Amino acid sequence: MKHTDIYILSGFLGSGKTTLLKRLLQHEKEHGQKVAVVMNEIGQVSIDSHAVSEDAVLSELLSGCVCCTIQDQFEVELYSLLQKHELDVIYIETTGVAHPVEVLDACMSPLFANRIQMGGIITTIDATRWMNRHQLSIPLQMLLKEQVRHADVLIVNKTDILRPDEQAKLSFELQTINSEARTIFTTFSNVRIEDIHLLSKRMRNEHERINIERLRIQTYVHTFTSPIDLDVFEQWVRQLPDTIYRMKGFLRFTHTSGVYSFQYAYGTPLYMKEEMNIPLHFVMIGEQLDKQKLKQQLEDMQKGEG
Ligand SMILES: Nc1nc2c(ncn2[C@@H]2O[C@H](COP(=O)(O)OP(=O)(O)OP(=O)(O)O)[C@@H](O)[C@H]2O)c(=O)[nH]1
């Protein structure tokens, strides 16, 4: 089955996301890739849609944020994009106030998680805004930090209006929050696209495959082929490390018929009976996922050996 790469373009208002998107689209066009762009704006009017050329599929989600208020609409939109088009890549330009992990969570719907591959979270930073962030409200300062903390690639823009001593300070501050991200100081999102696509599964050599495992926030998708024991499953959930932020999916249990949807966030599991027969995809999102071990545990559970 064809997997579609998904990239999340995160970053505060005016930090250079659209400027980056234009560069990415140009690159994809030159490489004959089939692309879709999901643009999310909080307002009712689209501002940046002109940035998307006609050869890319454009989906605009207005009047809400895909990481919270219109998460369901976003899920339906992604599903429909994947159904209608044979896509190589989807770029999601988030609103400046979106939390990147919540957006990633919204992308990883168990309905189609087996058809996508996270390419990474790319965060753009307005260098001056960062230096003056203390003027923002506390929640916005925290959001800025979160956008940095969870990024796989950090693009620091507007360095043309930054003094050298400010650049050194900024670099130190970003390193302190996220030492693992690839950090690029630039202007107008002028980056080597290869630096962003290094995280992509479309790049197939060994060196690059290792990089995929280095995504800060990782995802694992498992597909169950038969029912599992509820007690064994709950025991397994309880012993998971707290670096697993989120799990969701569809399950069947040995003691009862039918499919159950399972949701887990902040340590709290929730089960709900589904009316339809849905494929049993199960999604995990977290840091330092030992995918081999998880795969083995879930397979054992299915064989009744958990
Ligand atoms: N001086 C300077 N201006 C820049 C740089 N990068 C981007 N800009 C300008 O900053 C403005 C905002 O850039 P966008 O790419 O639209 O930023 P955005 O993150 O998409 O903005 P929102 O959609 O509002 O969240 C535009 O006028 C850009 O031309 C830079 O490195 N230096």
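Isoleucine 42 is located in the loop that lies between β2 (35-40) and β3 (57-61); strands are DSSP runs of E with at least two residues, helices runs of H or I with at least four, numbered from the N terminus. This is a predicted model, in which local features need pLDDT of at least 70 and side-chain atom pairs count only at pLDDT 80 or more, while totals for chains, interfaces and linings use all residues. Residues are numbered from 1 along each chain as its sequence is written, and side-chain values use heavy atoms, with hydrogens and water left out.

Isoleucine 42 is partly exposed, at a relative accessible area of 48% (buried is under 20%, exposed over 50%, partly exposed in between; 1.4 Å probe, protein chains only).

## The five-stranded sheet

Five strands form an open sheet in the order β8-β12-β9-β10-β11, with antiparallel pairing (a pair requires at least two DSSP bridges between the strands). Because β8 (218-223) and β11 (268-273) stand at the edges with a single partner strand each, one side of each has no neighbour in the sheet. From one strand to the next, the twist averages 10° (axes are lines fitted to C-alpha atoms, for helices over the stretch in contact; angles run from 0 to 180 degrees between N-to-C directions).

The antiparallel strands β8 and β12 (residues 281-286) are joined by six bridges. Threonine 223 has histidine 281 in β12 as its bridge partner.

## Aspartate 242

Aspartate 242 lies in the loop between α9 (230-238) and β9 (244-252). Aspartate 242 is exposed, with a relative accessible area of 73%.
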